[in-house]
Amino acid sequence: MRATARAHANIALVKYWGKRDEALHLPMNGSLSLTLDALYTTTKVTFEPALSEDRFVLDGQPAREADRAKVSAFLDRVRALANTRVRATVESANHVPTAAGLASSASAFAALAAASTRALGLSLDDEALSRLARVGSGSACRSIYGGFAEWRRGARADGLDSFAVPLASAEHWDLRMVVAVLEAGPKAVSSREGMRRTVASSVFYPGWLAGVEADLADARAAIAARDLDALGRVAEANALKMHATTLGATPPFTYWRGQTLVLLQAVAELRARGVGAYATIDAGPNVKVLCAPADLPTVQAALAAVSGVERLIVCAPGPGVTLLEDA
Ligand code: PMV
């Protein structure tokens, strides 16, 4: 009745942006990501017959009621699979600044999916686990895998064909992704609200959708060929297109701060100096920079020189979700 799992965050190189079904987290478009070694969540789930409701302890503190309710709703799905009503205590430790656009929900729900199903004696294959994690948070379906993963959009209304598949393991390609953290605080517009508003009202949303399939094909080919410039170019362009959609929404919004743009300029200047560095940005102000291991010191120095950068987190390709021996 107890199990512990660890899952790593992933950063999309072709973004998930927009839902066609809000309850099941079915995406408007396919996406592709890199799982990162340095950012992860460890979650222990203990089902206890004596409990009258689920408990959620996050980083040693009782979680906010809204988060507890999300975890509890997710566990309801797992309980339905196992045909039980037993409540659980969920203890999570996040090695990811929560809700700062660093995809903490991805590692969180991937770890919760793996630990809760194992605790109830269910053995799901990766595809089923990915589908289940997706219902917790869309991007979580990609964190089942290490290295590069692609979330297939699917077409069915029940979501059975919407899950992630592995593209290449962490060992396939030694890369670095440097996360330049501008703000660790929670974001003003959640990814859920940002997607909803953009899909419903952005004049640029059709343009976003029109380019995704080509971006996915280019990214897949670049990964297979280990072509950093090709992958970086498509990833940066894809992120900028995603963020452009927010400016065309009603009311318009942006996840960027002034220093986000300064960081993008620093990355462009690195390239002008011949350094292969490419940026991506999620639903927050932070900038993540892809580069080769040999260029890491140069990239770190350039990003650290930008005012307002609180810290740099250096990541390499990381592993997929794993069950841990119970402590
Ligand atoms: O899964 P969510 O609701 O955390 O949405 C993630 C959205 C982006 O980070 C902006 C893009 C992505 O594909 O991860």
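The model is predicted, so local features require pLDDT of at least 70 and side-chain atom pairs count only at pLDDT 80 or more, whereas totals for chains, interfaces and linings use all residues. Residues are numbered from 1 along each chain as its sequence is written, and side-chain values use heavy atoms, with hydrogens and water left out.

Helices (H or I, at least four residues) and strands (E, at least two) are DSSP runs numbered from the N terminus. Helix H1 (residues 65-82) packs against helix H2 (residues 104-119) at an angle of about 40 degrees, with the axes 11 Å apart. H1 is therefore oblique to H2; angles under 35 degrees count as roughly parallel, over 145 as roughly antiparallel, 65 to 115 as roughly perpendicular and the rest as oblique. Axes are lines fitted to C-alpha atoms, for helices over the stretch in contact, and angles run from 0 to 180 degrees between N-to-C directions. In this pair, Val-71, Phe-74, Leu-75 and Val-78 of H1 meet Phe-109, Leu-112, Ala-113, Ser-116 and Thr-117 of H2, where contact means heavy atoms within 4.5 Å.

The axes of H2 and H3 come within 8 Å and cross at roughly 125 degrees, which makes H2 oblique to H3. On the H2 side, the contact is made by Phe-109, Ala-110, Ala-113, Ala-114 and Thr-117, and on the H3 side by Leu-129, Leu-132, Ala-133 and Gly-136.

Helix H3 (residues 126-136) is largely enclosed by the rest of the structure, because eight of its 11 residues are buried; buried denotes under 20% relative accessible area, exposed over 50% and partly exposed in between (1.4 Å probe, protein chains only). Among the buried residues of H3 are Arg-131 and Arg-134. Their cover includes strand E3 (26-27), H1, H2, strand E8 (148-151) and strand E9 (164-168).

Helix H6 (residues 228-247) has 20 residues and should span 28 Å at 1.5 Å a residue, which agrees with the 29 Å between its end C-alpha atoms; the expected span is 1.5 Å times one less than the number of residues. At the start of H6, a side-chain oxygen of Asp-227 reaches to within 3.3 Å of the backbone nitrogen of Asp-229. Thr-246, located in H6, is buried with a relative accessible area of 0%. The side chain of Thr-246 reaches the backbone oxygen of Phe-253 at 2.7 Å. Not counting residues up to four places away in sequence, Thr-246 touches Trp-17, Thr-198, Pro-252, Phe-253, Thr-254 and Tyr-255.

Definitions and conventions. Polar contact = N/O pair within 3.5 Å; in protein donor to acceptor, adjacent residues only side chain to side chain.
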